[in-house]
Amino acid sequence: MLKVACDGGFDASCNDLGLAAERGLGTPIDLPLALSLYTSTCGRGAAYGCFNQGVFVESGKGGATQDDAEAARLYELLVNVLKLACNAEKGAAVAYNGAVRALSTTGRRFLATTIEGDETQHFIVLYLLLKGSVTPNAA
């Protein structure tokens, strides 16, 4: 099923196939195949593929040429996507703040607090990723 979706151009499926090949999930471990899938996914602009390709390039895994500078460039592509997501979440948090004020009547206070807390958590997670306080797992 993943292969059909990957062949159909769904980058997340190609990345998932790479993970399966890398970890031997339902298939024998095939690191060169995993690298190939990550590379093609990254080449189509999918940041998670770039991150996973970066892991291989940084370590020389799967036949990749070990290259710290190239790994850093690949990781930077993920950082750029996270910055974009962080800015979008910040905008959403500001918009939700307006909604929270509108919902802050006595009967709706819980709903307002829930919305505000959810958006704040999203923004904080992205912000911490960008600051390097937390490190994402290869996914």
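**View 1. Where α2 meets α3.** On the α2 side, the residues in contact are D11, C14, N15, L17, G18, L19, A21 and E22, and they meet L31, L33, A34, L37, Y38 and T41 of α3. Sorted by class, the residues of this α2–α3 contact come out as nine nonpolar, three polar and two charged. Keep in mind that this is a predicted model, here and in every view below. As for the geometry, helix α2 covers residues 11-23 and helix α3 covers residues 31-43; their axes come within 8 Å and cross at roughly 160 degrees. Angles over 145 degrees count as roughly antiparallel, so α2 runs roughly antiparallel to α3. The handedness of the α2–α3 crossing is left-handed.

**View 2. Moving along to α3 and α4.** Helix α4 takes in residues 47-59, and it packs on α3 at an angle of about 140 degrees, with the two axes 7 Å apart. That angle makes α3 oblique to α4. This crossing of α3 and α4 is left-handed. From α3, the contact draws on L31, A34, L35, Y38, T39, T41 and C42; from α4, look for Y48, G49, C50, N52, Q53 and F56. The class count for the contact of α3 with α4 is eight nonpolar and five polar residues, with no charged ones.

**View 3. α2 against α4.** Here the axes of α2 and α4 come within 10 Å, crossing at roughly 25 degrees. The two helices are therefore roughly parallel to each other. The α2–α4 crossing is left-handed. D11, A12, N15, L19 and E22 are what α2 brings to the contact, while α4 brings Y48, G49, N52 and F56. By class, this α2–α4 contact holds four nonpolar, three polar and two charged residues.

**View 4. The largest nonpolar core.** Zoom in on the side chains and you'll find 12 residues in this core: L19, A21, A34, L35, Y38, C42, C50, F56, V57, A64, A71 and L74. Four elements, α2, α3, α4 and α5 (68-103), each give two or more residues to the core. The largest share, four residues, comes from α3.

View 5. Is S13 buried or exposed? Its relative accessible area is 12%, and the cut-off for buried is under 20%, so S13 counts as buried. Which residues does S13 touch, leaving out those up to four places away in sequence? They are L2, A5 and C6.

**View 6. Stepping back to the whole chain.** Zoomed out, the protein chain shows six helices and zero strands. Reading along the sequence gives the pattern α-α-α-α-α-α. The protein chain has 139 residues, of which 30% count as buried. Taking contacts between residues at least 6 apart in sequence, 44% of them join residues at least 24 apart.

Notes: Residues are numbered from 1 along each chain as its sequence is written. This is a predicted model: local features need pLDDT of at least 70, side-chain atom pairs count only at pLDDT 80 or more; totals for chains, interfaces and linings use all residues. Side-chain values use heavy atoms; hydrogens and water are left out. Axes are lines fitted to C-alpha atoms, for helices over the stretch in contact, and angles run from 0 to 180 degrees between N-to-C directions. Angles under 35 degrees count as roughly parallel, over 145 as roughly antiparallel, 65 to 115 as roughly perpendicular and the rest as oblique. A crossing is left-handed if the near helix is turned anticlockwise from the far one by less than a right angle, and right-handed if clockwise. Contact means heavy atoms within 4.5 Å. Ala, Val, Leu, Ile, Met, Phe, Trp, Tyr, Cys and Pro count as nonpolar, Asp, Glu, Lys and Arg as charged, and the others, Gly among them, as polar. A nonpolar core is a set of buried Ala, Val, Leu, Ile, Met, Phe, Trp, Tyr and Cys residues joined through side-chain atoms within 4.5 Å. Buried means under 20% relative accessible area, exposed over 50%, partly exposed in between (1.4 Å probe, protein chains only).
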